[in-house]
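Hi,

Here is the structure I promised to pass on to you. Have a look at it first, and then read on for what I found.

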Amino acid sequence: MDKNWSEKNKEMQSLLSRETTFGSAVDLLLELREDIFERIGQIVSNYPREAFYQMPFPGADGYHSKTLAYSIWHIFRIEDIVAHEMIAGDRQILFADGFCDTVHSPIITTGNELSGNEIAEFSRQLDIAQLYQYAREVKESTDRMLKRLEYTDLKRGFGEETAEKLRKTGCVSADEKANWLIAYWCGKDIRGLIRMPLSRHWIMHTEAMFRIKNKLCKMARKGVDPIAYCGFSCNHCFLGEWCGSCRTPYNACSFARVSPGGKCPNAVCCAEKGIDGCYACDSLETCEKGFYAPSNDGAAAAKAQAMYIQKHGKKAFLKAHDRLHEKYDFAKTQEILGRDCMEGLRILEEN
Ligand code: SF4
Ligand code: SF4
């Protein structure tokens, strides 16, 4: 489990057990949820549609055997049911805000009953932007509910009446892979529901999403030139687990994400010129386009690397990078190559 999330979660649970620290527990819970939700948002905005229905670990024992789309649906469907049918006693967001139609889900259940290819098929049908919007509204509505909770509410439990109500909604499948959920939830008080599913459940499924997207990025990069258009080495990039290379649809380069259309201007320019990368361009040394804009802190390092490739080729460049990484402990190349491209080139040539 992510160490930071796991520690926050542990601290939150302990603060929750005393009336004097209850307010701090809620604040910490909201902070944890915000943090996790931000990471889910990064996944949603970084990857192509196909990423959301791929199953890179089919049949694996664990949540990573699902898809990205299923994981989002499942986390927030469960939260919607628990927060509204059980804790708040009002209408679920799925029905109140019309997401039933816009998400295009063929089911209204939690999805626990689905397995194998059914999960991939289900995921393929979802509108991911709407799914994310649904997730956001569920999160925000639960956050508001958590802020209204009082310490004395934590001991409120649920009985057969709630279980019957949940069965009637049809939101939990009668399939044995799913129907245990009702007894599981109703066996808890609100404190127990905060633990599962309002916090720990998020962590478990979001971590599984990380494993899925890491694997998808790795698969996307397989057989693809590991040199980015600007001259960076994808093999040595600190964003390697998030980015599937600017040469694939799994491009999550932070510079590309903030550029028009999510496309790196250097990649666009290379495509227009019909060249393999900026290292094949006559204007490289003086270029200030895209990643090479003087205001970008990685500009000189990127250019130094492209200049090295221009002089010595890609093979030598990758070897020089291996040596640099053996010698120094660094994440971003600019930490070593500095802010001057000629100096950066010299450092690469000396190593
Ligand atoms: S951010 Fe750039 S260098 Fe890093 S993996 Fe993505 S395309 Fe490659
Ligand atoms: S003009 Fe600049 S961005 Fe375009 S290919 Fe040449 S070096 Fe790259």
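How do the residues of the shell around ligand 2 divide into nonpolar, polar and charged? There are six nonpolar, three polar and two charged residues in that shell. Before I go further, please keep in mind that this is a predicted model.

**The two ligands**

The residues around ligand 2 include the cysteines Cys269, Cys270, Cys278, Cys281 and Cys287.

You will find Ser245 in the loop between α11 and α12 (254-257). Is Ser245 buried or exposed? Ser245 is buried, because 24 other C-beta atoms lie within 10 Å, and the cut-off for buried is 20 or more.

**The chain as a whole**

The protein chain has 17 helices and zero strands. Its C-alpha atoms fill a box of roughly 75 × 45 × 35 Å along the principal axes. Of its 351 residues, 40% count as buried. Among contacts with a separation of 6 or more, 67% come from residues 24 or more positions apart.

**Domains and core**

The domain assignment gives domain 1 (3-215) and domain 2 (223-350), and the C-alpha centres of the two lie 39 Å apart. Five residues from domain 1 and six residues from domain 2 take part in the contact. On the domain 1 side, the touching residues are three nonpolar, two polar and no charged.

The largest nonpolar core has 97 residues, and Ala69, Ile72, Leu131, Tyr134 and Ala304 have the most contacts inside it. Helix α3 gives the most to this core, with twelve residues. Why does this core lie between domain 1 and domain 2? Both domains give residues to the core, so it lies between them.

**Helix α7 and its neighbours**

Helix α7 (residues 128-148) has 21 residues and reaches 30 Å from its first C-alpha to its last, close to the 30 Å expected. Its buried residues are Ile128, Leu131, Tyr132, Tyr134, Ala135, Val138, Lys139, Ser141 and Thr142. These pack against α2 (22-46), α3 (68-88), α4 (93-96) and α5 (99-102).

Leaving aside neighbours within four places in sequence, Ile72 is in contact with Ile40, Leu131, Tyr132 and Ala135.

**Two backbone details**

A cis peptide bond joins Met196 and Pro197, with omega at about 25°. Pro197 lies in the loop between α10 (190-195) and α11 (200-221).

His104 is a non-glycine residue with a positive phi, near 65°. This histidine lies in the loop between α5 and α6 (117-125). With 13 other C-beta atoms within 10 Å, His104 is partly exposed, whereas Ser245 is buried.

Happy browsing!

Key: Residues numbered from 1 in each chain as written. Chains lettered and ligands numbered in written order. Predicted model: local features only at pLDDT ≥ 70, side-chain atom pairs only at ≥ 80, totals over all residues. Helix = DSSP H or I, 4+ residues; strand = E, 2+ residues; numbered from the N terminus. Expected span 1.5 Å × (residues − 1). Buried ≥ 20, exposed ≤ 12 C-beta atoms within 10 Å, placed from the backbone. Contact = placed C-beta atoms within 7 Å. Domains from an automatic or database assignment. Nonpolar A, V, L, I, M, F, W, Y, C, P; charged D, E, K, R; others polar. Near = placed C-beta within 6 Å. Core = buried A, V, L, I, M, F, W, Y, C linked by C-beta atoms within 7 Å.
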